[in-house]
Each structure stands twice: as C-alpha cells, then as structure tokens.
Amino acid sequence: MSMTESDRHSALGDHPNPNIERLVPQQICRAFSVIPYELSGNLLSVASPSTDNAVAAQVLKQLTGHDVRLVQHDPAEISAALDIAFSRGPALLFADADAGSAVPLRTGEFLASLGLVDERDVEEALVEQARTGAQLGEILVASGKITEDDLVAVLAEKFKVQRVSLDGFNPDREIALLLPEQAANALRCVPVARDGDVVFLAVSRPLDDHEVSVVGRYLGELEVRELLATRSSIDTLLQRVYQDDYSQFATHSLMELSPENSAYIVATKAQKTFFISVLVAIIVCGVIWPKNTLIGLVAAASVYYLAVSLYKFRLTFRALGHHFETDVTAQEVADVDERTLPMYTILVPLFREASIVNRLVTGVNGLDYPKTKLDVKLLCEEEDTETIEAIRDLGLPPHFRLVVVPDSNPKTKPKACNYGLTQAEGKYTVIYDAEDRPDPDQLKKAVIAFSKAEPRVTCIQAKLNYFNQDQNLLTKWFSSEYSMHYDLILPGLDGDDVPIPLGGTSNHFITARLRELGAWDPYNVTEDADLGIRLARAGYRTSMMDSTTLEEANSQLPNWVRQRSRWIKGYMQTWLVHMRNPFKTLKDMGLKNFISFNLLVGGTFIFLLNPIFWALTTLFALTQWGFIESLFPGFVFYAASSMLFIGNFVFVYLNVAGSMQRGYFELTKSALLTPLYWGLMSWAAWKGFIQLFTNPFYWEKTEHGLDTEHTESQQQVTS
Amino acid sequence: MTIDTSAAERTEEPHGIPLPIYADRPVQVRQNVRPDMVQSPQPRSDGNHRVENWLVFLVTVIGYSLLGTWVVTGLHVVGFESLDRMNRALMALHNNPAKLTAIGFDYPPLSVLVLTPLAVSSDLARSLVALPISSAIFAGVAAISLNSLLRRCLIPGPWRIAILAVLALNPLVALYASTGSRQIVWVSLMLAGVSSVVKWFVTAQIRYVLIAGITFSVAGLAGYGSLVWAGLAAFLIGFVLQRHGARQAEVEGTVVGFASPVVYVMALWMVFNGLILGNPVAWVTRSVSGEAPSAGLATSDRLTEVLRDLGEVVLTTSPITVVVVPLLVLAAVRRRDELAGWLAICVGAAVVMPGVAVFVRNDGSHVLMRDGLPVLVLTVAGACWLVRSLAAGRAAGAMLVIVGLVASGVFTGFEMTRYANQNLESAFIQGIRTASSQEGEITAAGQEVGIISEQAMAGYIRRNVTAEGSILTDNSQTFGVMLLTGRPQLFFDRVDRGDGAWIRAARKPGAGVRYLLLSRSTATDRLSQLYPTAATGTDPALQAVYTTDRYVLVAVSDQVTPAEGEEAP
C-alpha cells in the first residue's frame with residue numbers, strides 16, 4: 001500500500017542517511033524529483049514536490065519493496081538534497097544504473113509525448129531499468145513497446161544526429177573496411193560513405209568519447225560524422241561487409257588453428273596404413289590359424305565389450321549415489337543482481353524449420369534473463385529462404401538477430417554456429433536447437449555456476465530430455481536413454497573429472513575460450529562431442545549443472561535412424577581424430593582421461609559388434625553348433641556370458657534407473673524393453689559406419705516438429 | 001536447501017507418529033512423492049562415514065579370515081557343503097573344458113559363483129583358506145549394511161560399533177561368518193536389501209529402491225528364501241507410496257523399478273533350469289522335495305514337531321526376538337509406523353520359512369540352529385529401528401540392545417554345545433575352547449568332523465597322477481578329494497561331458513580312464529554303486545592303489561565291467 005501525506009516537513013539533509021537516500025537510482029529520483037529520507041519499519045518516507053504523484057509512488061514502491069509515503073517538500077530543496085546525496089561517491093545500491101546511461105528518462109517522456117508509449121509503459125521500463133541497468137530505449141524496444149525505428153528517430157531528435165536507412169544499401173567495401181571487423185562489431189558501427197576527409201559512420205547510438213577515440217585510432221585524421229541507424233540494420237550491414245571473413249572463420253578456423261584436430265580428413269595416412277596392416281594381419285592369421293584367429297578376435301571383442309560396460313556401469317552407479325552437478329539453488333537465482341549479468345549469446349541454428357520459428361521465439365522470450373542482455377542469433381542457411389522469410393515476417397525485436405550463413409560447403413550445423421560465433425557479443429554463449437525448451441532460469445543458473453566453478457571450467461552442460469516422451473514407444477526408449485545419459489553417465493564423468501562429450505545443445509561456453517579453441521569443427525558431424533574432448537585436451541573442463549532443456553524426441557523410425565547414424569558416425573570421426581596421434585592425446589589428456597575417452601567415445605564401436613554376438617548366440621541356441629562353442633574358451637566364455645546375462649540386464653536396468661531418477665516413472669515399463677532399442681541402435685551404427693567411408697561429412701538432417709499432432713491431441717485431452 | 005546435520009532431531013507427524021522421512025542431502029536428489037515429508041536433519045553420507053564403513057569392513061574381514069583360517073585349517077572344522085561349493089568353483093575355472101555348468105543346480109548359483117574369484121588360484125582354493133576369506137568378505141558386507149542401517153536409526157557412533165562388535169562375537173555368527181558357509185552370503189545380501197529399503201523409507205530417495213532391487217535380486221540367487229523378503233519389500237514400497245498419496249504411475253513405476261531385477265534373475269534361472277533340467281521350476285521342487293520318506297508321522301504331529309523346532313531354534317539362537325517382535329508390532333499398531341510393522345513381518349518370515357521348508361520336505365529333517373541366523377540379524381535391525389523412535393533415550397536403548405545381544409550370545413554359545421539340530425556348532429565351540437583339532441570328533445548331531453581322509457587321498461593323487469581326465473569319479477561324492485588336489489582336470493567327472501558320457505565311461509572305464517575314485521559308501525556314490533566290491537577294496541579286477549577311511553582309488557583294467565545287475569541310478 002502506498003501512502004501520501006500532505007505534511008510539509010522541514011529541511012531535508014539535516015540528518016542525511018545515504019543508505020536510504022540511495023535506495024532509488026539517481027535518474028529516477030531526478031525524473032520524479034523525489035528523494036527518500038527515512039525508513040521506518042516498512043514505510044519509506046520520500047520527499048516530493050507533490051503528494052499526489054501516484055506514478056512516482058508506484059515506481060518507488062516497486063523499486064524498493066517498501067510502502068511509500070510521499071511528503072511534500074520544496075522542489076529546490078529536493079534538488080539540492082539530490083545533488084548532495086549523489087555527489088558523495090558511488091551509490092551503495094543500483095551503482096551501475098546510471099553508468100553509461102546516455103539516455104535519461106526524458107527519452108521516455110519524449111516517447112510518451114509522441115504517443116508511442118504511455119505512462120504505464122514508461123513506468124514498467126523504469127522498473128526494468130532499475131533492475132537490469134539497461135538503457136530505457138532498448139528496454140522499450142526489446143519489450144516490443146516501440147520499434148527500432150521509433151527509438152532511432154527519438155535519439156536522432158535528441159542528439160540532433162541525422163538518421164539513415166541502410167535497407168538494401170551496399171557500401172563501398174573499401175570504405176567499410178576502414179574500420180577493422182573487431183572494432184566495428186564491438187562498437188556496432190560501419191563506415192558507410194566518405195566525402196573527402198569526412199567519413200560517415202552508421203551507428204546504432206551516439207558514440208561516447210572513449211568510443212570516438214577508438215574509432216579515431218583507425219581512421220586517423222579523417223573526420224567522423226555519425227549517422228543513426230537501427231541496430232539490426234547495422235548488424236545486417238556488418239554481415240554483408242564481413243561475410244567472407246566470417247565464412248572463412250566458420251569453415252577454416254579449426255583447420256588453420258589446429259589442423260590435426262579437424263575432421264576434414266577421416267583418417268590420416270598413418271591411420272590408414274595402420275588399419276590396413278591390422279586387417280591384412282588378421283586375414284593372414286585367419287588363413288594360417290583360422291580358429292585361433294577367430295578366438296582371438298572374439299576374445300578381444302569380449303574383453304573390450306566388458307571393459308566398456310563395466311566403465312559405464314561404474315559411472316552410472318556412482319552417479320546414482322552422488323550429486324556431481326554444480327548446485328545452483330532457487331534462492332541463488334532469485335538473489336541475482338540482474339545489473340551484473342553479462343551479455344549472453346544464444347546461437348540457434350535453423351534449417352528448414354520455418355514452422356517452429358514462432359515456438360522458438362516464445363521459448364527464448366520465456367527465459368528469465370534481461371532481454372537487453374540477450375544476443376540471440378538465429379542462424380539460417382542462405383538457401384533456406386522459407387525460414388529466413390518467416391523470421392523476417394515476425395519483425396522480431398533487436399535481441400533476435402537473423403544471421404544468414406552464406407552458401408558454402410560443408411553445410412553443417414557447426415559451420416553455422418561458427419558463423420554465428422563470429423558475431424557473438426556475449427561473455428557466454430549457448431546453443432539451443434529450434435525446438436528446445438530450456439528451463440527458464442537456465443541462463444542465470446549457468447552464470448552462477450560459472451562464478452562458482454573452478455577457473456578451468458569452460459563449458460557447463462545442462463541436461464537434456466524430451467517433452468514428448470510419451471508419444472510412442474520410440475520416444476519412450478529415447479527418453480529413457482537420455483535420462484540415463486544426462487542424469488547418470490555425464491554427471492558420473494563430471495564426478496570423475498574426465499572429458500565429457502558434449503550434448504548437442506544447451507552447452508554454455510565462455511565465448512572467448514570457445515574462439516580460442518577454434519570453435520566447432522565444421523567437418524565433424526558430432527562437433528559437440530568433439531569439442532568436449534578438445535576442451536579436455538586443452539586443459540579445460542566441462543561441468544554439469546542441474547538444469548534441463550526439453551527437446552523433441554524423434555518419433556519416427558527413419559528419422560531416428562538418420563539422426564542416430566549421424567551421431568554414431570560423428571563419435572567414430574571424433575575417435576579417429578583424437579587417435580591420430582594417440583601418444584600426443586595421452587600426453588595432452590593424461591592416462592585417466594585417455595582411458596575414459598577410449599571407453600566412452602571409442603565404445604561406440606560396440607554397437608557394431610552387437611549384431612554379431614547376438615547372431616552367434618541365437619545360432620548356438622538353435623543349433624548347439626560346437627564350432628561356436630569352441631570360439632569361447634575359458635575366460636572368453638565367462639566374459640561373454642557375464643555380458644550376455646548380467647551386462648545386458650544391467651544396462652536395461654540403468655535405463656529404468658535413469659527414468660526413475662528423472663521422475664519419469666511412466667517410462668520404467670518401456671525401459672525394460674530397451675534391448676529392442678539396442679537393435680535399432682546397431683542398425684543406425686552400421687549405417688553410420690558405412691557412411692563414414694562413403695559420405696563422411698554428410699549431415700543427416702533431423703526433421704523436427706513431428707510431435708505437433710501428438711501435442712495437440714494432448715492439449716485437447718487436457719482441455 | 002542445505003541440511004544442517006548438527007542437530008539430528010526427530011520430527012513428529014501431527015498425529016504423533018515418529019516421522020520416518022528425512023533427507024540427508026541437499027535438494028535435487030530424486031525423491032518419491034511424500035506429501036507428509038518434512039525435510040529434517042539426517043546424518044550425511046560424507047567422507048567420514050565412508051572411512052568408518054571401510055574400517056568396519058576391513059576389521060570384520062580380517063578378523064573372520066584369521067579366525068576362519070585357524071578353525072578350518074587348524075581345527076579342521078569345515079562343512080562338506082562348503083568343500084563342495086569350493087570344488088564347483090574350482091571346476092568352473094580349471095576343469096578341462098571349463099564349464100559354467102559346474103556350479104550345478106544343487107545350490108543357489110551365487111553361493112558357488114561368489115567363490116570363483118577365490119578359485120582363480122587353485123593353490124588358494126585347495127589350501128581351504130579361500131573359504132574363510134569368502135565368508136568373511138560377506139560378513140564384512142553385512143557389517144557395513146548393518147552399520148549403515150544403525151546410522152539411519154540415529155544410533156550414535158560408539159554404540160553402533162558396540163552393537164556390531166557384540167553381534168560379531170556371537171558364536172553362531174562367528175561360526176558361519178568364518179568357515180565359508182553359504183548362509184552368510186545370502187544373509188548379508190538380504191540384510192543389504194533390507195538396509196536399502198530402510199534408507200529409502202527414511203530418505204525417500206529413489207536410488208535406494210534401485211539398490212534394494214539389485215541387492216534382493218542378487219540375494220535371490222544366493223538363497224531362494226530371499227525372494228520372500230523381496231516380495232515383502234515390494235509390498236512395503238507400494239503400500240507406503242499409496243498411503244502417502246503418490247500418483248498411480250509413480251507407485252507402479254517404483255515397484256516395477258524395484259521388482260524388475262528380481263524378476264529378471266528368477267526368469268533367467270528358470271530358463272536355465274528349463275533348458276538344462278527340463279523343468280523351469282526345478283530349483284523350487286529340488287529345494288523343497290524330500291529325499292527320504294517321512295518317519296510316518298501324521299501331519300499334525302509333523303506340524304507340532306516343526307513348531308517345537310522353530311521355537312527352540314529362536315530361543316537358542318535369538319532369544320531377544322521374543323521381546324523385539326511384539327514391540328515392533330506395538331509400534332506398528334499404536335503409532336502407525338509402517339516400517340516397524342514391515343520389520344516385524346520380516347522377522348516373522350525368517351522364523352517361519354525354515355519350518356515351512358522342513359514341513360513340506362517331510363524327510364525327517366529338522367530346523368537347524370543355522371536357520372536362526374537371519375532371525376537374529378533381522379531382530380537386531382528391528383531393535384535398532386525401535387531405538388530410533390526413542391527421541392531422548394537412544395543411548396539407553398542402544399545399551400539395552402547390547403545387553404540383550406551379550407546375553408543372547410552367551411546363551412547361544414552354551415546351547416551350541418548341546419542342541420541336537422545342528423551342523424558343526426559343537427565342534428566349533430569345542431575347538432575354540434580347547435584350541436585343538438577336532439579331527440575325528442563327533443558333533444552333538446552325531447556327525448564326524450574332519451577332512452584328513454580327503455587330504456590323504458588328494459595328496460596321493462597329486463604325487464602320482466598327472467594325466468588329465470584319467471580318474472573317473474562321481475564328483476558329487478568325492479568333491480573333497482578333488483578340491484584338495486587343486487587339479488580338477490585330472491578327473492573325468494559328471495560335469496566334464498555331461499551325465500550321459502560319464503555313465504557310458506563308468507560302464508566301460510577301461511576304454512578311457514586309468515583310475516576310479518570311489519567313495520567307500522555305496523549309498524550315494526553312483527560309481528560305488530556300479531562297483532560295490534571295488535568300493536570296499538575287494539574287487540580283484542579293480543585293484544586298490546590307495547585307500548583311506550572314506551575313499552578308495554582303484555586302477556582300471558581292460559576287462560572291468562559293472563557288478564551284475566547294477567545300473568547307474
């Protein structure tokens with residue numbers, strides 16, 4: 001409840017209390033010509049020229065959380081008190097609110113006077129400004145209250161700067177390149193024309209003195225004249241100007257920085273020689289000692305299979321009994337001072353996904369993070385005009401940036417992400433798929449988790465799961481598998497401090513380090529897993545956090561097989577890349593990590609072995625053929641038997657455990673049928689394996705939006 | 001929310017029930033829905049507890065291993081069943097060819113499988129030191145489970161250790177924990193399962209349901225009786241969740257999650273039984289069917305006898321049960337304490353089940369002292385659960401438990417020397433008391449103690465026989481000798497190529513083997529039944545090359561034929 005009082009009090013500042021005076025940011029105090037001076041219980045007394053300023057009372061109440069009593073004072077007295085109060089040094093609270101605020105509240109008043117916003121809009125924006133420290137105009141644009149054009153018009157009027165429209169404008173490249181890409185991107189400005197010694201610089205807001213000096217460093221004696229343009233049009237122009245550079249980075253950064261880690265060739269000559277030699281040796285031995293050779297192969301496969309299974313079991317069982325994820329409590333999230341939050345880049349690669357753009361926008365807007373600190377890059381392939389048009393038609397606020405990736409090979413998600421990363425403004429960067437539904441507080445949790453983590457933590461992986469797990473048996477299996485993977489195996493890896501092959505989305509990076517590492521490998525079809533390994537090799541660490549992103553589980557078998565074959569092919573690619581020089585990898589990672597990598601990523605090959613062993617078991621069960629029995633002597637037999645009778649069930653059960661751990665109790669029954677799912681995985685594995693030779697860089701595109709019918713029917717049932 | 005563990009106070013439900021639900025970890029551990037749950041202090045499972053558990057484990061293992069080694073190898077107090085299982089483990093690894101079927105179907109499979117790691121070294125196996133080590137390891141597991149359960153019952157550290165120590169020194173426990181018995185295997189696993197269920201009940205954390213499910217499934221393979229407790233646990237989980245308003249999907253999912261490993265291992269075992277024995281439920285019928293006809297007692301008389309046996313066994317092995325169970329029932333009824341009721345039922349099941357088996361078997365056998373082992377252990381668990389509800393007097397409660405256990409142990413030790421329905425209990429006590437070998441002594445049940453006969457025959461074979469598969473023998477009777485040679489590959493036994501091939505060889509031994517190793521008793525040895533005169537050392541065609549009190553090794557000539565009219569059973 002707000003209170004007003006007509007009492008007129010004596011002079012302010014007789015007994016100044018800085019902590020109370022600065023409960024409210026200076027600009028708001030000055031805007032309303034008010035100053036708090038006493039707090040009694042929950043009642044805040046505020047000096048004001050008028051006691052019936054309901055808007056001011058409401059804003060102050062929202063800002064401070066106290067009931068507000070307006071007490072009439074002389075405006076001059078208030079002004080003097082304000083001068084004194086805010087000349088004492090940094091404010092104790094809202095210290096950053098005024099910093100860099102080029103546009104005082106008058107912008108709001110101006111917009112209101114033009115009828116573009118009403119008082120309520122301004123009031124809400126002021127509250128948001130006090131909370132986040134962002135600029136008022138940007139808040140109004142981000143919330144959709146005004147357009148970018150409106151804001152530019154007001155700024156132009158206010159600063160008496162000329163406006164310019166950059167739509168369809170193609171600058172002289174030589175002029176545009178007067179400013180290096182890094183500076184142009186950081187300052188968000190582009191030289192667009194030159195007239196003798198005068199360079200016209202398109203800017204999204206008037207540059208401050210420091211920024212002007214930075215520009216001056218590059219332009220030398222040339223005189224700079226600023227032209228105001230919308231932020232998105234400058235972004236678009238920057239993309240056009242630096243397209244080739246971005247494209248070069250996106251495709252070749254890793255190849256140039258660290259060619260030995262790039263999957264642009266599947267296997268090196270040395271690897272090919274090695275594998276062919278091994279193959280020849282096996283064939284020769286097979287001819288000379290056929291049975292013993294087969295026994296040796298079966299023994300090696302059984303031992304490897306057993307080792308992989310034991311390792312995964314150990315990881316999952318440990319994770320069942322421990323909580324390895326970085327804990328971020330709801331209270332910590334609630335306590336975050338949003339003004340201290342950094343800019344966050346969200347990369348969303350899209351390809352032929354026009355139908356879910358709306359859902360994506362809704363999802364991103366649902367994130368609990370100041371919009372003005374979001375840098376959402378919607379990454380579209382140039383040829384995908386449908387999605388590009390769909391995004392343009394939405395007229396999205398400027399924290400959404402459409403980034404059109406020029407047509408070039410390879411056409412992969414990592415290349416698109418690299419392209420987006422070139423323009424990323426955030427201190428942190430995360431990838432989401434278009435259909436993702438991250439927990440609303442995930443970005444804040446990631447920021448807090450980074451602040452808690454040890455310095456070498458470069459990536460924080462959130463958990464993934466599915467929102468349509470009950471659509472059909474396939475999605476149930478898929479969800480059980482993901483529950484085990486993200487709720488048990490990855491936390492287990494985190495607990496062991498060994499490399500984590502990253503999941504496809506919701507991996508939060510420190511942007512600078514991501515660039516330093518050469519970003520994603522555009523030639524690797526599981527670039528995420530590969531990046532996780534490269535992080536470890538570089539001495540960095542990935543950590544897990546307890547926040548979940550829900551995705552769409554593949555509900556159609558052909559689509560699922562395509563996706564899974566890509567994943568398995570990518571894991572094989574990754575293994576081959578990092579085993580080009582095993583000794584170097586061992587030296588980089590250390591023995592523990594090296595073993596873990598070989599068991600986990602290298603363990604992918606066991607999907608190829610499964611059908612062989614299943615066939616042998618079935619054949620033996622049906623025929624009791626002695627030859628098969630002779631392939632499993634002594635310990636080989638026990639290793640294989642324990643895998644058959646114990647290992648298989650253990651993995652089925654871990655799927656059950658994962659589902660229960662996640663709270664998906666409905667999935668426990670279907671999880672018991674996962675051996676059938678393994679059959680599908682082996683099918684996909686062989687497809688991926690063959691493709692590794694025939695079409696290694698081909699990106700099997702996963703079709704999304706297949707849950708629509710199911711979701712609608714669910715909604716109907718609910719309604 | 002981080003839990004403060006400094007003041008572990010019990011919280012009360014509105015109706016005064018001791019609230020069993022605590023959380024011992026910060027948030028984000030998956031928990032079952034428990035609407036009445038209040039996050040209350042609970043000891044954390046931190047590094048100190050791990051160290052404590054390891055210490056408890058190591059002390060138990062080392063203590064029982066040393067005791068057992070002395071008892072088995074020094075005092076010669078070792079059960080033939082243990083020798084048989086160890087021999088099967090040895091055969092599973094060192095026979096030629098090595099076959100998993102060596103574990104057989106006479107025992108629950110895990111009771112043999114757990115010995116196989118210790119049989120990797122045949123010297124360790126034949127030295128018999130592996131036997132005490134194996135049971136000591138499982139005793140260690142039991143000690144950890146019990147320690148953990150006591151911690152959940154909020155019993156302070158020193159009292160926990162005291163309870164464990166008193167229980168460990170109970171002579172019945174010491175006998176079975178140190179001499180390689182299979183009872184300790186399944187009792188320890190069953191206790192681990194019960195402990196996990198209690199932990200789930202206390203914390204509502206899903207992982208304990210999963211661990212309990214796995215543990216009970218393994219326990220089921222070590223002792224089929226464990227399945228009864230698994231069933232009881234499944235019922236408890238479903239009942240508690242239902243009572244506390246969980247969704248149907250959660251109730252079903254949790255029970256399925258718990259029960260699936262148990263169902264799986266049983267299904268797998270039934271498949272094996274079906275494939276190999278032609279009867280999927282052979283494991284059930286074999287364990288309850290009698291091998292000898294009854295002594296002609298009427299059903300009511302048998303029932304009376306069994307009930308008397310049960311009463312005596314409970315009183316001699318776990319007299320505190322008669323106090324603890326009624327208190328558990330009282331707590332269940334008066335305070336609606338579900339776990340107290342469940343523990344009372346568990347103890348009741350432990351008491352009744354051996355009686356049911358004896359009654360159904362109807363072969364003149366009795367409920368034995370060893371059947372009191374699970375009763376004792378579960379009673380201790382129940383007693384500690386009761387102590388937990390004593391908000392202000394847990395130390396006094398723990399003291400009472402200790403006093404009860406001390407008295408019980410002394411009484412049991414005394415009864416072990418004289419009670420008739422026993423195995424090696426009297427020999428064990430006598431051996432400990434006199435520190436002298438019990439070789440040749442007769443137990444209170446009339447059984448002769450010792451393995452000198454097996455050792456002598458094994459020694460001869462090791463010195464004189466080297467050819468693999470050259471000694472035909474019925475391994476179900478001569479396992480002791482086989483084990484003590486450490487070379488099962490020397491023997492052509494019934495596992496090597498199956499019973500069919502073995503019987504053919506037995507009927508025409510001259511064609512393939514050089515010796516027959518016979519038990520001198522023709523009652524159960526198939527080979528001795530075929531060659532009864534050879535078994536007594538009087539067959540001129542089968543000349544005895546070495547003889548002991550229990551065995552005879554005969555050389556095979558080409559003209560050997562089975563005794564007239566004798567058929568392999």
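## Interface and surface features of a two-chain model

Chain B and chain A together bury about 2600 Å², and carbon and sulfur atoms account for 65% of that area. The model is predicted, and local features are given here at pLDDT of at least 70. The size of an interface is often given as the accessible area lost when the parts come together. In residue terms, the contact draws 33 residues from chain B and 28 residues from chain A.

Polar pairing across the interface can be listed by type. Two salt bridges are counted between chain B and chain A. One joins A:Glu666 to B:Arg247, with 2.7 Å between the closest N and O atoms. The rule for polar contacts finds four residue pairs across the interface of chain B and chain A, both residues of each pair being at pLDDT 80 or more. On the side of chain B that touches chain A, at least two residues each come from α2 (80–94), α9 (206–222) and α11 (248–277) of chain B. Of these helices, α11(B) supplies the largest share, 13 residues. By residue class, the side of chain B that touches chain A holds 18 nonpolar, seven polar and eight charged residues.

Salt bridges are also counted over the whole model: the total over all chains is 50. Within chain A, A:Lys463 and A:Asp546 form a salt bridge through their side chains, at 3.3 Å from N to O. A:Lys463 belongs to strand β14 (residues 457–466) of chain A and A:Asp546 to strand β16 (residues 541–551) of chain A, so this pair ties together parts that are 83 residues apart in sequence. The two salt bridges named in this report are set out below.

| Salt bridge | N to O distance |
|---|---|
| A:Glu666 with B:Arg247 | 2.7 Å |
| A:Lys463 with A:Asp546 | 3.3 Å |

Chain A also carries a nonpolar patch on the surface. The patch is formed by A:Phe274, A:Phe275, A:Val278, A:Ile282, A:Leu294, A:Leu297, A:Leu619, A:Trp625 and A:Phe627, which together have about 750 Å² of accessible area. The most, four residues, come from α13(A). A:Phe275 is located in helix α13 of chain A.

Two backbone features in loops of chain A remain. The peptide bond between A:Asn409 and A:Pro410 is cis, with omega about -5°. A:Pro410 sits in the loop between β11 (400–405) and α18 (413–422) of chain A. A:Arg352, a residue other than glycine, has a positive phi near 50°. The loop that holds A:Arg352 runs between β9 (344–350) and α16 (357–365) of chain A.

Notes: Residues are numbered from 1 along each chain as its sequence is written. Chains are lettered from A and ligands numbered from 1 in the order in which they are written. Side-chain values use heavy atoms; hydrogens and water are left out. Contact means heavy atoms within 4.5 Å. Buried area is the accessible area (1.4 Å probe) that two parts lose on being put together, summed over both. A salt bridge is a side-chain nitrogen of Lys or Arg within 4 Å of a carboxyl oxygen of Asp or Glu. A polar contact is a pair of N or O atoms within 3.5 Å; within protein, one must be able to donate a hydrogen and the other to accept it, and residues adjacent in sequence count only if both atoms are side-chain atoms. Ala, Val, Leu, Ile, Met, Phe, Trp, Tyr, Cys and Pro count as nonpolar, Asp, Glu, Lys and Arg as charged, and the others, Gly among them, as polar. Patches are made of residues with over 30% relative accessible area and no salt bridge: like charges are joined within 9 Å, nonpolar side chains (Val, Leu, Ile, Met, Phe, Trp, Tyr) within 5 Å. Accessible areas come from the Shrake-Rupley method with a 1.4 Å probe; for residues, only the protein chains shown count as cover.
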